[in-house]
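Me: Got a model open here. Can you walk me through it?
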Amino acid sequence: MTHRPIVPGVDFHHSDSIALMKLWSREGVRTKLLLSDPPYGARWVAAGQKAIANDENPYRAAQDFLPPMASLLDDNAWLLLFCRIDLAPIWEGEMRWLGLTVLPYYQWDKRSAFHIEMNIRREVLLVACRGTPARYINDGATVLAYDRVTRPEIVSATPTAKPVSMLRYLIEKYSEPGDLIIDPCAGIAPIGEAALGCGRQYLGVELEEPRALVATERLRAEARLVAARALHRAAIPLAA
Ligand SMILES: C[S@@+](CC[C@H](N)C(=O)[O-])C[C@H]1O[C@@H](n2cnc3c(N)ncnc32)[C@H](O)[C@@H]1O
């Protein structure tokens, strides 16, 4: 797959993000918010789907992904990562090892999103930061119970879909308009869609080609929608 920016400020790579993050870190790329849904090391396979890459072992996943992720954080920046609830201590231990401050995590009630009974009903969103970000937020453990994931193409393309409304809420809370959001395990880019909709820049990476293709199309569609909305807003005073 060839790589080119979707629109200025929105970039997506079909690649191995561990290698890319090391490269970007050396080049001085930094972010105020790294928000991602990495392989937790849960060895999870949904019915009829292929296993998630790099998902074999939680210690390995945390030790492979967290150091390059931490190296991309600005002096005062947030690192927000989804994780399976029972694996959270492993990821949080590694975050502390890297010198990050770990705050209480959010719990996300997955049943509110999928409306089906699940073995693991809650996922968590780990909250860590470097320094003291301008918007220093410590809510205490909070439950996120957001909209249902309904779009069938999204539910069928990934077993770990996250509702865009929930991601928008998080992006608005933890970043400012124009900030760059980095998402190194993007899947089909729900975080990218949310970031674009919130007027943030976005840099995403996905290893698996089928998901990277869905993500690229999705980001192009969202970019068209955002441009059309801006045009509409600009046209209103003329029409009045
Ligand atoms: C838990 S899933 C995230 C899915 C996402 N929430 C979605 O809705 O599509 C983790 C994703 O990380 C990707 N991944 C695993 N290792 C990677 C790597 N080294 N570089 C980039 N992506 C990777 C997997 O292919 C998978 O799509």
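This is a predicted model: local features need pLDDT of at least 70, side-chain atom pairs count only at pLDDT 80 or more; totals for chains, interfaces and linings use all residues.

Me: OK, take Glu222. What is Glu222 in contact with, leaving aside neighbours within four places in sequence?
Reply: Glu193, Leu196 and Gly197.

Me: Which helix holds Glu222?
Reply: Helix α8, residues 209-239.

Me: Is Glu222 buried or exposed?
Reply: Glu222 counts as buried because it has 22 C-beta neighbours inside 10 Å. The cut-off for buried is 20 or more.

Me: And how far is Glu222 from Ala194?
Reply: Their C-alpha atoms are separated by 9.0 Å. Along the chain, the two sit 28 residues apart.

Me: What does Ile171 touch?
Reply: Ala194 is one of its contacts.

Me: Switching to the core. Which residues touch the most other members of the largest nonpolar core?
Reply: Leu79, Leu80, Leu125, Leu126, Ile171 and Ile181. That core has 61 residues.

Me: Which strand gives the most to this core?
Reply: Strand β3, residues 73-84, with 8 residues.

Me: Zooming out, how many helices and strands in the protein chain?
Reply: 8 helices and 8 strands.

Me: What share of the chain is buried?
Reply: 40% of the 240 residues.

Me: And what share of the contacts between residues at least 6 apart in sequence joins residues at least 24 apart?
Reply: 66% of them.

Note on methods: Residues are numbered from 1 along each chain as its sequence is written. A nonpolar core is a set of buried Ala, Val, Leu, Ile, Met, Phe, Trp, Tyr and Cys residues joined through C-beta atoms within 7 Å. A residue is buried if 20 or more other C-beta atoms lie within 10 Å of its own, exposed if 12 or fewer, and partly exposed in between; C-beta atoms are placed from the backbone. Helices (H or I, at least four residues) and strands (E, at least two) are DSSP runs, numbered from the N terminus. Two residues are in contact if their C-beta atoms, placed from the backbone, lie within 7 Å.
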